[in-house]
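Please read it alongside the sequence and the structure shown here.

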Amino acid sequence: MGKYFGTDGFRGEANVDLTVEHAFKVGRFLGWYYGREHKAQIIIGKDTRRSSYMFEYSLVAGLTASGADVYLLHVTTTPSVSYVVRTENFDCGIMISASHNPFYDNGIKIINGNGQKMDADVEAQIEKYIDDDMQELPYATRENIGRTVDFSAGRNRYIGYLISIPTRSFKNYRVGLDCSNGSASSVAKSVFDALGAKTYVINNTPDGTNINTNCGSTHIEVMQKFVKEKHLDVGFAYDGDADRCIAVDHLGNVIDGDLIMYVCGKYMMERGKLENNTIVTTIMSNLGLYKACDRAGIRYEKTAVGDKYVCENMMANGHSLGGEQSGHIIFSKHATTGDGILTSLMVMEVMIEKKTSLNVLASEVTIYPQLLKNVRVSNKAAARNNAAVKEAIAEVEKELGDEGRILVRESGTEPVIRVMVEAKKDSICREMVDKVIAVMDKEGLILS
């Protein structure tokens, strides 16, 4: 990860960590970078945060000042930007969003011409320009100055594309949607209504400050309650930019990304549509998922945390399904990034074709209790490589055997070591996590 760009773009508190000057410079660089041999064409989408408009205008100023033409999708989802970039032959796309973060944060996600997250080397060049560590870029003049174009039609084409994917009507299904007062508010209901579902929508009245506030995929308890109160067949909750989806079955049980990957992966394998009979997960997926996959004959691969790494693995190896426990799910036949609304459509397809409830479909996976504790340390590498800590980890691994696992890793953004244990019982998780942390404390590695 770079100085400004992490695994999911340039993110921070608006006008504190991420300022309009940063956005202007990002625009200046991208307009110049893609406009060296032709007039660059770049598309921008945004979520519903109050600061998104501010960053949109700043990016537009930088892009057009470098000579790029800018096409505005307005409020839309991250996957819609990815779709429009790759189907309309734009040089790149920009999504203004901080995903599931609170409203006062924001972010700039850059999407390359293939609809995937931008290459790290280009992000590194942007960082150099932001820090004045490269030559000043020329301004466009006269007729070479860029222009802005309203391109809301692009979002409508994306909606049409989603509607075209399911092969069966959703008629007679009672479906709940939690739009998180974010990007899904402009897309999700239209799709489900067009497919014939009886749609019940909550948290779809964004005001600029209520995105992700006690709603959406990070507050799934809201959808759990709603599904039970309204006696719905299924519920889907999205995050701020709608690239995540967490589902709720008719009994109010949470169906997270791991369970969604199993349900969809098994269905796809039965129909010969799961390429290489493999799903791609991150190292944070639950042990219960892997045990269920072993029983079903589904192979799996593990990547570092981040849907960017899942996507890279899928594209390199030709896999068709991958994702994260958090609900970033990639169906490579239809998309090159996580797409929450698409994910909910694929779950609906399995329910309809199998003629059974999501509860039954997911019941084949027994999720293991999981405990994660963050430990603040003075030196992450020293803590991770400490001989006594490594010995404690090895002892825990031996005690857990095949009925659990421990994962100790460094945070990519904080002075934190993350200690995670999965086991058959919560009490075992607590015991094993505390055992490793106690050794860190004894070794003087923990910040007081």
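In what follows, buried means under 20% relative accessible area, exposed means over 50%, and partly exposed lies in between, computed with a 1.4 Å probe on protein chains only. This is a predicted model, in which local features need pLDDT of at least 70 and side-chain atom pairs count only at pLDDT 80 or more, while totals for chains, interfaces and linings use all residues. Residues are numbered from 1 along each chain as its sequence is written, and side-chain values use heavy atoms, with hydrogens and water left out. Helices (H or I, at least four residues) and strands (E, at least two) are DSSP runs, numbered from the N terminus.

**Helix H15**

- The 17 residues of helix H15 (residues 426-442) should span 24 Å at 1.5 Å a residue, and the end C-alpha atoms are 24 Å apart, which agrees; the expected span is 1.5 Å times one less than the number of residues.
- Buried in H15 are Cys429, Met432, Val433, Val436, Ile437 and Met440. Seen down the axis of H15, these buried residues fall within an arc of 125 degrees, so they line one face of the helix; the arc is that of the directions from the helix axis to the C-beta atoms.
- An α-helix has 3.6 residues a turn, so residues three or four places apart point the same way.
- The buried residues of H15 pack against strand S17 (370-376), helix H14 (387-400), strand S18 (404-410) and strand S19 (416-423), where contact means heavy atoms within 4.5 Å.
- Asp441 and Lys442, on the other side of H15, are exposed, and H15 is followed by Gly444, whose phi is positive, near 70 degrees.

**The open sheet and its helices**

- Five strands form an open sheet with mixed pairing, in the order S9-S8-S10-S11-S12; two strands pair if DSSP finds at least two bridges between them.
- Strand S9 (198-202) and strand S12 (254-255) stand at the edges with a single partner strand each, so one side of each is left without a neighbour in the sheet.
- Strand S10 (residues 234-238) pairs with strand S11 (residues 245-249) in the antiparallel sense over five bridges, and Tyr238 stands opposite Cys245 in S11.
- Helix H7 (residues 221-230) packs on the sheet, where it touches strand S8 (174-178), S9, S10, S11 and S12, and its direction makes about 155 degrees with that of S8.
- Helix H11 (residues 340-354) lies across S8, S10 and S11 and runs at about 165 degrees to S10. Axes are lines fitted to C-alpha atoms, for helices over the stretch in contact, and angles run from 0 to 180 degrees between N-to-C directions.

**Salt bridges**

- The structure holds 23 salt bridges, each being a side-chain nitrogen of Lys or Arg within 4 Å of a carboxyl oxygen of Asp or Glu.
- Asp132 and Lys25 meet in a salt bridge (2.4 Å, N to O), which links the loop between helix H4 (120-130) and strand S7 (148-150), where Asp132 lies, to Lys25 in helix H1 (residues 20-34), 107 residues apart. Asp132 is exposed, with a relative accessible area of 57%, whereas Lys25 is buried at 16%.
- Glu136 forms a salt bridge with Arg28, the closest N and O atoms being 3.2 Å apart. Glu136 is exposed, with a relative accessible area of 51%, whereas Arg28 is buried at 0%.
- Lys109, Asp241 and Asp243 are linked in a network of salt bridges.
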